[in-house]
Amino acid sequence: KTDAWSIDEENLSEYVGKPIFTSDRLYSKDPLPHGIAMGLAYTSMGGSALYIETQGIKRGTDADGKPRGGGSMKVTGNLGDTMKESSQIAYTVARAHLANLDPSNHYFDTNDIHMHVPEGATPKDGPSAGIAIVTSKLSLALGQPIRNDLAMTGEISLTGKVLPVGGIKEKIMGGRRAGVNVIILPKANQRDYDEIPEYLKEGLSVHFAEEYKDVFEIAFPSA
């Protein structure tokens, strides 16, 4: 008889229990499906991934062949008033950016947009998903997917400025737990990032954005 134990990956849970934290990753496919971007949320448990899903519904035509509807957008996912307002701002920014990028692309005029943030039983609020919402809409309109190890956080202004947000340390933790390798943060949050422990930064490629065009260049490098 021996007093030695053999503990490995297979039997670890028998001694310490099931993992307290699990990955927030909803999509393993790389790249992500069109219209999906990963944001980062602040939570009391150290932050989490926050997926933004968008789907286009092509507008039908009436008896005269004219499009029905008005290029509208609806949002679901148990969102608070601030996040609903942020989604409307992001929709305007996405439309303006697309018009400048490709005036011949009328996707937002010919399709109604449905935006959803999964886990509808969990309330969500705040403006920090702004750049992720813009990015998800442009992914849909351009037909260009986003790499699945890219996450971002930042408020967006109506003119496309990327504004600072809170909870940077917690959001970085949430991104690492979701297997993120590339993160986009507001330029104004660089000091907050510089102050977090080095072990949280290890292996991450972090970019700082002042304008939405900075985000776009990272999210859509081939556009």
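Strands are DSSP runs of E with at least two residues, helices are runs of H or I with at least four, and both are numbered from the N terminus. A word on what you're looking at: this is a predicted model, where local features need pLDDT of at least 70 and side-chain atom pairs count only at pLDDT 80 or more, while totals for chains, interfaces and linings use all residues. Residues are numbered from 1 along each chain as its sequence is written, and side-chain values use heavy atoms, with hydrogens and water left out.

Back to S8. In a regular strand the side chains alternate between the two faces of the sheet. Val 182, Ile 184 and Pro 186 point one way from S8, Ile 183 and Leu 185 point the other way, and all are buried. On to the neighbours: strand S5 (residues 150–152) pairs with S8 in the parallel sense over three bridges, and two strands count as paired if DSSP finds at least two bridges between them. Met 152 sits opposite Ile 184 in S8. S8 is also joined to S9 by five bridges, and these two run parallel; Pro 186 has Ala 209 in S9 as its bridge partner.

Now zoom out to the sheet. It's an open one of seven strands, in the order S3-S4-S2-S1-S5-S8-S9, with mixed pairing. At the edges are strand S3 (73–76) and strand S9 (205–209), each of which pairs on one side only. From one strand to the next, the twist averages 25 degrees. For angles like this, axes are lines fitted to C-alpha atoms (for helices, over the stretch in contact), and the angles run from 0 to 180 degrees between N-to-C directions.

Elsewhere in the sheet, strand S2 (residues 48–58) and strand S4 (residues 111–116) run antiparallel, joined by six bridges. There, Ile 57 stands opposite Asp 112 in S4. Helix H2 (residues 81–101) packs on the sheet and touches S2, S3 and S4, with its direction at about 145 degrees to that of S3. Contact means heavy atoms within 4.5 Å.

What about the open spaces? On a 1 Å grid over the protein atoms alone, a pocket is an open set of points with protein on both sides within 12 Å along at least five of seven lines, and lining residues have an atom within 4 Å of a point. The largest pocket has a volume of about 490 Å³, a volume being the space filled by probe spheres set on the points. It has 26 lining residues, and the closest to its centre are Ala 41, Thr 43, Ser 48, Ala 49 and Leu 50. S2 gives the largest share of that lining, four residues.

The second largest pocket comes to about 150 Å³. Among the residues lining the second largest pocket are Thr 92, His 97, Leu 158 and Tyr 212. H2 turns up again here, giving the largest share of the lining with five residues.

Of its 223 residues, 44% are buried.

Notes
1 Å grid on protein atoms, 1.4 Å probe; cavity = no way out; pocket = protein on both sides within 12 Å on 5 of 7 lines; lining within 4 Å. Buried < 20%, exposed > 50% of the residue type's maximum accessible area, 1.4 Å probe, protein only.
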